[in-house]
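Subject: Structure for you to look at

Hello,

Here is the structure I said I would pass on. My notes on it follow below.

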Amino acid sequence: MSPLYYIYYCETNLICIGLSIFVIVSGLTHSRSDGIDDSFTRIFAWINIFYCISDIFASVFQGTDGLLAKYILYLVNIFYVSTPLFYAYSFIEYSHLKLRGIELHKTKYGKLILSPLFLCFVLMITTPITNFGFIINEKNLYERGIGGYIIPAVSWIFFILTTIMLINRIIHAGSYVEKENLKPLSRFAIFPFIATIIQLNLYGVTVSQVGFTFTILIFYVTRLKNQILSDELTDLNNRRD
């Protein structure tokens, strides 16, 4: 592999890790943090950090000889390919909590609705035997399997359906505060979706985590701005002037 290959992958992921850590640390130190919002923002950021770390290890050991390298490649790529499932699950749970006041998995049919995500993850774990998600060939090079397309598709179906639910609530919400609180979440999937499409069509390009990093940062900054502009007692967004 060319040295530029390693520099590109490592530099891209390290920048994304740094920005994710910034979001986590800033959320912990902010004086007006909201428990639910900050908790899920940190979850998104932590998923992104491990997403980037797995990509770094995958790029470093790509094409490296040895059985240990093959085991490492299987391990990190299982997590890397599965990451959209973790994002989708967290996004659905957070959105349902904001819309209904309860996480989806705690509802009567929640586990059933979420079962495709769990099934996809189980199939990913079987990849070393079934080659579902990907193949690590005899040269320890990664080759995308059918699961590499199925998992993003399933994840984004959940993302899109949840986003539609959020937009519907925003349209019909009677409260201005509720609309403003839901708007950042309704836009959450835009940049990751674009980045995922690019990555699926341009093999060897790593931009998916860039899309998630960008949207996590925007989501955090928008929430912070709304908190600053809102009154602490009434929670109304009336400090613009």
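Helix H3 passes helix H6 in a left-handed crossing, where left-handed means that the near helix is turned anticlockwise from the far one by less than a right angle. Helices here are DSSP runs (H or I, at least four residues) and strands likewise (E, at least two), numbered from the N terminus. This is a predicted model, in which local features need pLDDT of at least 70 and side-chain atom pairs count only at pLDDT 80 or more, while totals for chains, interfaces and linings use all residues. Residues are numbered from 1 along each chain as its sequence is written, and side-chain values use heavy atoms, without hydrogens and water.

H3 covers residues 67-100 and H6 residues 147-172; their axes are 9 Å apart, at an angle of about 15 degrees. Axes are lines fitted to C-alpha atoms, for helices over the stretch in contact, and angles run from 0 to 180 degrees between N-to-C directions. The two helices are therefore roughly parallel (angles under 35 degrees). Residues in the contact (heavy atoms within 4.5 Å) include Tyr87 and Phe91 of H3 and Phe158 and Phe159 of H6.

The largest nonpolar core has 42 residues, and Phe44, Tyr87, Leu117, Phe134 and Phe159 have the most contacts inside it. Such a core is a set of buried Ala, Val, Leu, Ile, Met, Phe, Trp, Tyr and Cys residues joined through side-chain atoms within 4.5 Å; buried means under 20% relative accessible area, with a 1.4 Å probe and protein chains only. H3 gives the largest share of this core, 13 residues.

Regards

Terms used: Parallel < 35°, antiparallel > 145°, perpendicular 65-115°, else oblique. Buried < 20%, exposed > 50% of the residue type's maximum accessible area, 1.4 Å probe, protein only.
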